[in-house]
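Here are my notes for your read-through. Keep the sequence and the structure open beside them.

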Amino acid sequence: MAAIFHSLLLVLTFLVAVSTLFEISTALGWRKAEVSGNDFSPADPKDPKVVELAEFAINEQNKEFKTNLKFDHVSNAAFQVVQKTNYFLIIVARDGSNLGTYGAEVLLNGDSKKLVSFSKGPISNFQ
């Protein structure tokens, strides 16, 4: 019984120490603020990088699903940095003569880009 008590006491002491160090490092500004679930940083929809990513998303969608969407403009954009950068885009594009709104998520990892999702309508939790 004493061994279990000492083990639990050791674990609890470790957790308190880690928690204290975490609080100190945050207070001193040693770590960046964490991004959670729905925390986005706004991006300028007219930024050439954002426009390039939107055109990439349209081109990838057209290749993969044999569609013929034509990029018009980005109406809203945001990004989220966790380990890589995810861009969330609201894209206006033409499907024939119909103008529609599409939601796209593009993952950037260094110089590589990957279309994570593409759908008709805006991305949920991001307007």
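1. Start with the aromatic rings. The structure, a predicted model, holds three aromatic pairs. A pair of aromatic rings is described by two things: the distance of the centres and the angle of the planes.

2. Take phenylalanine 40 and phenylalanine 88. Their ring centres are 4.9 Å apart, and the planes stand at 75° to each other. Is that stacked or edge-to-face? Planes over 60 degrees apart count as edge-to-face, so this pair is edge-to-face. The pair links distant parts of the chain, 48 residues apart. Phenylalanine 40 sits in the loop between helix H1 (2-27) and S1, while phenylalanine 88 belongs to strand S3.

3. Phenylalanine 40 has 24% relative accessibility, so it counts as partly exposed. Phenylalanine 88 has 7%, so it counts as buried. The cut-off for buried is under 20%.

4. Next come tyrosine 102 and phenylalanine 118. The ring centres lie 5.5 Å apart and the planes meet at 25°, so this pair is stacked. Which strands hold the two residues? Tyrosine 102 is in strand S4 and phenylalanine 118 is in strand S5, so the pair ties together parts 16 residues apart in sequence. Tyrosine 102 is buried, at 6% relative accessibility. Phenylalanine 118 is buried too, with a relative accessible area of 16%.

5. The charged end of lysine 120 sits over the ring of tyrosine 102. It is 4.8 Å from the ring centre.

6. Now the sheet. Strands of a sheet pair through backbone hydrogen bonds, either parallel or antiparallel. Here, five strands form an open sheet in the order S1-S2-S3-S4-S5, and the pairing is antiparallel. Which strands are at the edges? They are strand S1 (41-42) and S5, and each pairs on one side only.

7. Follow the sheet from S2 onwards. Strand S2 (residues 69-81) runs antiparallel to S3, and 11 bridges join them. Phenylalanine 79 has tyrosine 87 in S3 as its bridge partner. S3 (residues 85-95) is in turn joined to S4 (residues 98-109) by 11 bridges, again antiparallel. There, threonine 85 has leucine 108 in S4 as its bridge partner. Seven bridges then join S4 to S5 (residues 112-120), also antiparallel. Asparagine 109 stands opposite serine 112 in S5.

8. Look at the two hairpins. S3 and S4 form a hairpin with two residues between them. Glycine 96 in that turn has a positive phi of about 70°. The hairpin of S4 and S5 also has two residues between the strands. In that hairpin, glycine 110 takes a positive phi near 65°.

9. Finish with glutamine 61. Where is it placed? Glutamine 61 is in helix H2 (residues 48-65). Is it buried or exposed? Its relative accessible area is 12%, so glutamine 61 is buried. Leaving out residues up to four places away in sequence, glutamine 61 touches Lys66, Thr67, Leu69, Leu115 and Phe118. One of these contacts, Phe118, belongs to the stacked pair from point 4. Glutamine 61 and serine 119 are 58 residues apart in sequence, but 9.4 Å apart in space, C-alpha to C-alpha.

Notes
Residues numbered from 1 in each chain as written. Predicted model: local features only at pLDDT ≥ 70, side-chain atom pairs only at ≥ 80, totals over all residues. Heavy atoms only, no water. Helix = DSSP H or I, 4+ residues; strand = E, 2+ residues; numbered from the N terminus. Buried < 20%, exposed > 50% of the residue type's maximum accessible area, 1.4 Å probe, protein only. Contact = heavy atoms within 4.5 Å. Pairing = 2+ DSSP bridges. Phe/Tyr/Trp six-rings, centres within 6.5 Å; stacked < 30°, edge-to-face > 60°. Lys NZ or Arg CZ within 6 Å of the ring centre and 35° of its normal.
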